[in-house]
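Here is a short report on selected parts of one structure. Look at the sequence and the fold first, then read on.

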Protein chains: 2
Amino acid sequence: MKCRVCRGEAVIDVRRHNANFCVEHFVEQCERQVAKAIDAFSMLAPGERVLVAVSGGKDSLALWDLLIRLGHRAEGLYLGLGIGEYSDVSGDYARRFATERGLVLHEVDLRRDYGYDVPTAAAATRRVPCSACGLSKRHLFDEVARQGDFDVVATGHNLDDEAAVLFGNVLRWQTEYLARQLPVLPAGNGFPRKVKPLVRLSERETAAYCVVTGIDYQVDECPMAEGNRHLGYKDVLNDLEARSPGSKAAFLASFFSRGHEFFRDAAGGEQETLHRCAECGSPTTGEVCAFCALRARVVGDTPVTIGRKD
Amino acid sequence: MKCRVCRGEAVIDVRRHNANFCVEHFVEQCERQVAKAIDAFSMLAPGERVLVAVSGGKDSLALWDLLIRLGHRAEGLYLGLGIGEYSDVSGDYARRFATERGLVLHEVDLRRDYGYDVPTAAAATRRVPCSACGLSKRHLFDEVARQGDFDVVATGHNLDDEAAVLFGNVLRWQTEYLARQLPVLPAGNGFPRKVKPLVRLSERETAAYCVVTGIDYQVDECPMAEGNRHLGYKDVLNDLEARSPGSKAAFLASFFSRGHEFFRDAAGGEQETLHRCAECGSPTTGEVCAFCALRARVVGDTPVTIGRKD
């Protein structure tokens, strides 16, 4: 197996590009794919301050590493979700990555700073844990970005993640979600821009990137995500990809280039007037935002003075 | 296993409806699903003359049978495609069905009437056989409907067929095809209306319908369709359906109810002026229609006087 670029010994084959790469040129290929995504969707302008959502897994650490390599000003944010040993180990990986490279890692701990964690929130709301977890993450990424004057929040969603979400949205023709499913969500209404620079890299490639560049990461999947519908969609798409390499990337890319525009008008909600949440001050359509409502529900009548802003 | 309706012994379970049925109530269920589809999409008006595209397989014979049960004036059209023994046997099933029930079956034979068959057309065009076959079928259904003053052509595409085609169109976001993918295509430009009344029945159900009502049908798949991409899509969707019963029907139904409208403007081609094909007189944008162009290519410089219209 020879590297497509230098004909040296290859370490990885990327079937959808019908190419093999040595370590050096695989890293270059990953950089190029990220740069292409950033460029195609105008995700980042030179000099902007980027807050990377860091979980300690392969995607978020590869993303942070690649953004630094590409010359972006990227700091990390790790959220302690309180999911037992899984969270402890994930945090260690994130901290070690930052320390070894002299990068700035911000930290928020749900339990310490907000009085609850994902398992207790899931129990209190009687919904799947991913629901409370996603809500908390979105809120806190936004809040830390706002308080720290970051221009943009970058998340490590990869090609497989985005294709699976797209597949799920298409299966039920959730046109509002389809309208919003682009790898860049512009800033507005007090929310920072959100970008997904790994949208052209598969999860096999982000894992390989970490291995060949010596990034240690949390290998385990989140124990609370078991049975998550999107994992089933990934299996289905992987089956399709095995039959016909490239179909997953084509599905996602042709949605961006041809499909998405048809759903522009389905987004809705743009006309709603936002005001400040009575609890935390973040923009919301209600009196309190969904995050503060969740927290109140989980911690009961704990005074509102608890929390990070004290 | 008890019938949902009468609590008698059930012969089939329909997982997506979470129901079992005895023979009598399964037949009733199939009738109801077809009546619902006809009604929901205004496929047929009372008294209209329907031409059923009959292949001799389970879907087309079940369709013809169900239309007659529901009181529609339906005649059949069998096309001899010249695919060896497969076509011979298929024709026998179609003729026997019609004869036993005293129904009118029209017949066109590609070789006898037009001087070629699907295998020779595939060889001459160097494309997959399904391409020449589909083109020939569409043309001849239209032509026989026009000559016989039928109001509408009905085809036996079932839920699995339509879901697989939709999936294929979505995978590459072929928005022009998505714009046209409804179970009814209105008449216009000299073409008859086309309808797919089996769109609410899976292929397992049309097969069971034939078995319990004593319809003998061609069980073999077309030998030339092997490796057809849509068969792969069916596997993928069946996998999904096994994980989550009902997802296939929901995918298709929510496309019709929510997704399709977004693609209305993507159809294109409506403004093109049609005129009569110089060879056969059917509406076309070119000088000769695609069917006559195909035939000329396959049979070479055979005089245009050959063929059915002589």
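Just past helix α2 of chain A, A:Gly71 has a positive phi of about 90°. The model is predicted, with local features needing pLDDT of at least 70 and side-chain atom pairs pLDDT 80 or more, while totals for chains, interfaces and linings use all residues. Residues are numbered from 1 along each chain as its sequence is written, chains are lettered from A in the order in which they are written, and side-chain values use heavy atoms, without hydrogens and water.

Helices (H or I, at least four residues) and strands (E, at least two) are DSSP runs, numbered from the N terminus. The elements discussed are these:

| Element | Chain | Residues |
|---|---|---|
| α2 | A | 58–69 |
| α7 | A | 159–171 |
| α10 | A | 229–243 |
| β4 | B | 73–80 |
| β5 | B | 105–109 |

Helices α7(A) and α10(A) pack at about 100°, with axes 9 Å apart. They are therefore roughly perpendicular (65 to 115 degrees). Their contact (heavy atoms within 4.5 Å) includes A:Phe167 and A:Leu171 of α7(A) and A:Tyr233 and A:Leu237 of α10(A).

In chain B, β4(B) and β5(B) pair in the parallel sense over five bridges (pairing takes at least two DSSP bridges). B:Leu77 has B:His106 of β5(B) as its bridge partner.

Terms used: The expected span of a helix is 1.5 Å times one less than its number of residues. Axes are lines fitted to C-alpha atoms, for helices over the stretch in contact, and angles run from 0 to 180 degrees between N-to-C directions. Angles under 35 degrees count as roughly parallel, over 145 as roughly antiparallel, 65 to 115 as roughly perpendicular and the rest as oblique.
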